[in-house]
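Please load the structure and have the selection tool ready. The stops below are brief.

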Amino acid sequence: MFAHTDKNKKFWRSSLLLLAALVLGLTGTVYSQTPTPTPDPHDGMVGSYRVTATTEIGYRWRSLTGSLEKYRSDLNYKAGIRSFDTNFLMETESGKGKLFDTLLVSNSGWGSDPNGFVRVNMEKTGYYDFTSTVRQITYFNNLINHVLNEHTQDTKNTLGDFDLKILPQNELIRFNLGGSFTHYKGTGLWTTRAYSDEFPVNADFNNRSNDMRVGAEGTLFGFDWGVTGGFRNFNERSHYFITTLNPGNNPANFAVINTLDRTFPVNGQSDFTQGTLHRMFGDRFDFTGKIIYAVTNTTSNMFELITGRDNSNNFVDSDTFTISGQAKRIQTRGDLGATWNVTDNFRISNTFSFDQFAINGAGAFDEALFRRNAIGNPLANSFTRTAGLRVDKYRRITNTIEADEQINNKIGFHIGYRFTHRNSTITGFDAQSLPTVTNTPISESEVNSTHSVLAGMKIKPTKFWAIFWDIEHGQADNVFTRNENYKYTNFRVRSNVNVKDLTFNVSGAIRNNENPSNDFITSLTIDYVTSIRSRFFSTSAEWNPRSRFSLGGGYTMRYITSHTPIILPVGSVQTQGTSDYFVRDHFVYIDGSVKPFSRLSLYGSYRFDRDKGQGSRVSSAIQFLIGSYPMDFTTPEFRAAFRINRYVDWDFGYQFYDYKDIQTPTQNYRAHLPYTSIRIYFGKDAGAR
Amino acid sequence: MASITLIKAGVVSAFAISLIGLGAAGAFTTVHGDRVDEGVNATAPPAAAPTPGGDYVGSEACQACHEDQFKNFASTKHAKLAEVHSWKDKVVGCEQCHGPGKAHMEDATDPTKIISFKGKNSKEISETCLACHAGKENHNNFRRGEHWRNDVGCTDCHSPHGAPLGDSKADSVSFIAETTHQNAGMASIAMLKQSEPQLCISCHSETKSQFTKPFHHKVLEGTMKCSDCHNPHGGFENKQTRLGFGADVACIKCHADKQGPFVFEHAPLKTEGCSACHSPHGSANPKMLNRSTVRQLCVECHSVITEQLAPGVPSFHNQATVRFKDCTVCHSAIHGSNSNNRFFR
């Protein structure tokens with residue numbers, strides 16, 4: 001369905017160019033910094049900078065049996081040249097560099113990997129601190145078990161963040177400048193609904209955003225303050241189209257689409273202002289406040305033209321939709337946190353949060369439909385004009401008060417209470433002015449409060465062993481459609497043992513969540529309570545008795561049981577049924593590295609994930625639905641690093657991915673990914689690796 | 001439009017007023033070291049940087065006995081503070097945290113003569129760090145955060161002395177390698193004991209299984225960091241997540257097309273957040289959904305969906321059929337729509 005070969009070549013070519021430019025750029029930076037720029041690999045010094053770096057470039061092969069679509073949706077590793085983990089660090093030994101004290105460039109994954117990043121950190125203590133990250137994720141989705149395989153993607157998401165702090169260590173004032181961008185682009189399939197049918201539609205996805213932010217923070221009259229303002233521009237330019245006859249999903253009707261063309265440009269603008277305030281009063285009272293005010297607008301204009309046949313087998317010569325809309329969201333968030341150190345060991349904290357937003361959205365819809373009946377005689381033209389207005393208002397306050405007591409260095413505990421009050425309303429109308437005049441008002445509102453309690457404890461039975469647990473029980477907000485609140489109980493426990501060479505962790509959590517409804521079927525007076533029970537247990541151990549040997553392993557169990565009463569039509573009778581869902585997931589891993597000789601370093605890993613799903617449970621009747629997703633995912637990996645000389649390692653390795661599930665048609669795959677690479681070390685300690 | 005202009009004008013004005021105010025308060029002159037804080041508490045970590053002199057002897061005096069610590073410490077940001085103008089007349093280096101060293105030098109055998117953190121609990125140790133680091137927005141909520149509450153302190157993750165890192169060894173080719181002295185990564189920047197995500201996973205071990213699911217955010221691969229979404233130092237948001245842009249949730253920062261506002265909103269997006277439907281760490285389900293079938297996910301809230309069922313139309317929303325297994329086939333604009341109140345496009 002998708003052509004990748006050229007794009008792939010182009011991608012790694014451009015990646016290599018980028019890498020080369022980066023290296024050249026860095027070299028240029030080095031030379032520009034130092035009057036006598038003679039790099040001496042033996043001491044790792046370049047001028048006054050100490051260089052510590054590794055870089056690895058290699059080639060990966062791929063042999064795949066089974067479903068390429070599923071493999072690409074999961075992993076998407078391709079054959080070809082790949083840049084592995086790379087770090088380039090320049091530091092001044094004296095602590096005083098002319099342009100920078102520290103420069104770190106980290107890079108991984110470019111080339112035949114589906115995701116790559118370049119991170120640059122550059123700082124001069126006292127003057128500036130610059131951080132940037134550019135990421136690219138090649139996303140692929142083509143799965144038989146999701147939306148009938150009609151929401152597919154072969155896209156690229158490029159993201160960048162740039163932040164500059166000026167005078168970062170200055171206590172009185174510091175400045176922050178930042179920018180970010182996202183660009184999502186590619187092809188795929190989407191769906192549209194028309195004439196009582198659903199149709200897969202080709203899509204050219206394209207949206208982007210650009211952010212800018214500027215701020216300052218510092219200390220004034222004993223208060224730590226901060227002000228940030230920023231804006232984001234967003235635009236959506238995706239295009240949807242059908243160019244050949246498309247019969248749709250519903251086999252029971254006549255509807256087909258011959259052509260569809262939809263453009264749906266959306267422009268958005270978001271502006272925000274944020275202020276923060278903090279002060280510690282006399283080592284006893286810590287106060288933090290934060291307020292954000294944001295205004296976001298979008299304008300949209302859709303034009304769609306469809307030709308084909310409708311569900312009554314009439315010819316649709318032209319069905320055009322012209323839709324324009326505007327939406328505006330004004331949001332204010334305020335947070336206040338206060339901690340009172342009553343004694344050195346006893347503290348009381350209060351956190352208050354306020355969130356309020358109003359979304360006003362309005363749209364006007366025009367449809368002009370020109371049809372002929374099945375034998376070609378013109379039907380009356382149809383013009384429909386409707387409008388919709390929604391005003392969503394939401395206000396929530398949350399207050400959490402907690403006390404924590406550190407009884408001694410071995411035992412501490414905390415207790416707390418959380419209160420939430422919520423007020424939400426939706427008002428508006430759906431109106432029609434053509435062909436008839438109608439007006440349906442919309443009005444829904446809900447006011448409610450929730451209460452929950454929390455408690456926890458940390459115990460250190462020995463110097464090397466810490467146990468934490470906490471519990472939370474109460475209610476949480478739910479959404480508009482199901483206005484009753486969740487009832488939940490969460491319990492977590494975690495144990496960490498850190499003896500000299502050994503780390504051993506155990507953790508577990510229990511979450512019980514009930515989601516009742518206040519809606520009732522008039523004919524069936526049943527309270528539709530969804531019950532979700534989650535359990536997880538995880539343990540891991542790492543053993544590092546010496547620098548030449550390490551061994552680690554772990555196990556994680558995750559169980560989810562979801563039970564929902566539903567109504568199903570059995571025959572033509574509304575019948576009460578249930579929809580149950582099961583996750584019974586077990587994940588095991590073991591990995592280790594050993595250096596049997598000074599020139600040879602080995603790594604091996606085995607990861608195995610099995611979800612048993614519903615197990616032997618089967619549905620006893622049509623209205624009792626059972627769902628799960630049993631699957632096995634095995635990912636062993638082996639790697640050897642052979643030291644050629646002080647600066648160069650020859651690496652080779654092998655990865656194997658074995659995926660199995662029970663979908664029909666099968667989408668299992670087995671992927672063999674051998675690779676070889678050269679890893680180059682720079683710096684004084686290169687030989688000491 | 002007028003309000004947007006107003007906000008921009010407000011931001012610029014606030015910024016300008018702040019600068020003028022600071023200038024008037026003499027803030028910029030102190031950058032060059034005109035003002036120093038007063039008061040030193042010799043028995044407790046200093047709440048603010050104290051004035052040198054008196055019982056303070058300077059970090060070089062510590063070097064003679066604590067050679068290894070000094071060597072590592074010398075290249076850290078903490079050590080470099082001595083070169084920063086606004087810190088010039090304040091105590092920096094070892095004595096900034098350990099207190100004045102004169103008495104300790106005179107009698108090194110008496111542990112009460114110097115502030116030592118051995119045997120102190122995490123909260124006490126963290127208070128020392130917060131004396132300087134609180135006040136920055138990123139750290140303002142540490143005293144109310146999950147880590148604080150569970151007695152995880154600053155030095156559990158950060159190495160204030162600059163810890164020596166281990167040797168390089170063969171490692172996974174899919175996941176970013178462990179931090180070593182040849183591969184210092186982000187650890188060298190934030191004075192972390194290990195780079196993310198290894199550091200976070202060392203306690204939050206259950207996330208390793210989530211990040212190795214078929215569909216996951218690329219955290220182990222290094223493309224993302226835990227701290228891109230979470231603030232380990234605490235925050236006002238649930239799970240200590242960061243805000244994405246303005247007041248929007250963390251996910252919106254990268255997934256800008258979900259930001260809205262939409263003419264027709266799907267309420268959970270704004271009121272419950274993306275994790276109502278998605279498992280952000282990873283999932284075996286496409287799109288990192290919490291359930292393998294979209295239908296199940298939807299009915300957990302919309303269980304009475306067939307209430308709209310017209311009598312005698314049994315096929316409508318019949319969840320037992322393949323066609324209605326995935327609600328988003330029809331309701332494809334499920335994150336919000338500008339054109340249809342039932343999210344059809």
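This is a predicted model: local features need pLDDT of at least 70, side-chain atom pairs count only at pLDDT 80 or more; totals for chains, interfaces and linings use all residues.

Begin in chain B and select Pro261(B), which sits in the loop between helix H14 (226–229) and helix H15 (268–271) of chain B. Helices (H or I, at least four residues) and strands (E, at least two) are DSSP runs, numbered from the N terminus.

Residues are numbered from 1 along each chain as its sequence is written, while chains are lettered from A and ligands numbered from 1 in the order in which they are written.

Go to chain A and select Thr664(A) with Pro665(A); a cis peptide bond joins them, with omega about -5°. Pro665(A) belongs to the loop between strand S32 (648–661) and strand S33 (669–682) of chain A.

Next, select Leu148(A), in the loop between strand S8 (128–141) and strand S9 (152–166) of chain A. Leu148(A) is not a glycine, yet its phi is positive, about 55°. Is Leu148(A) buried, partly exposed or exposed? Leu148(A) counts as partly exposed because it has 19 C-beta neighbours inside 10 Å. A residue is buried if 20 or more other C-beta atoms lie within 10 Å of its own, exposed if 12 or fewer, and partly exposed in between, with C-beta atoms placed from the backbone.

Finish at Tyr195(A), in the loop between strand S10 (173–194) and strand S11 (197–220) of chain A. Tyr195(A), a residue other than glycine, has a positive phi near 55°. With 22 C-beta neighbours inside 10 Å, Tyr195(A) is classed as buried.
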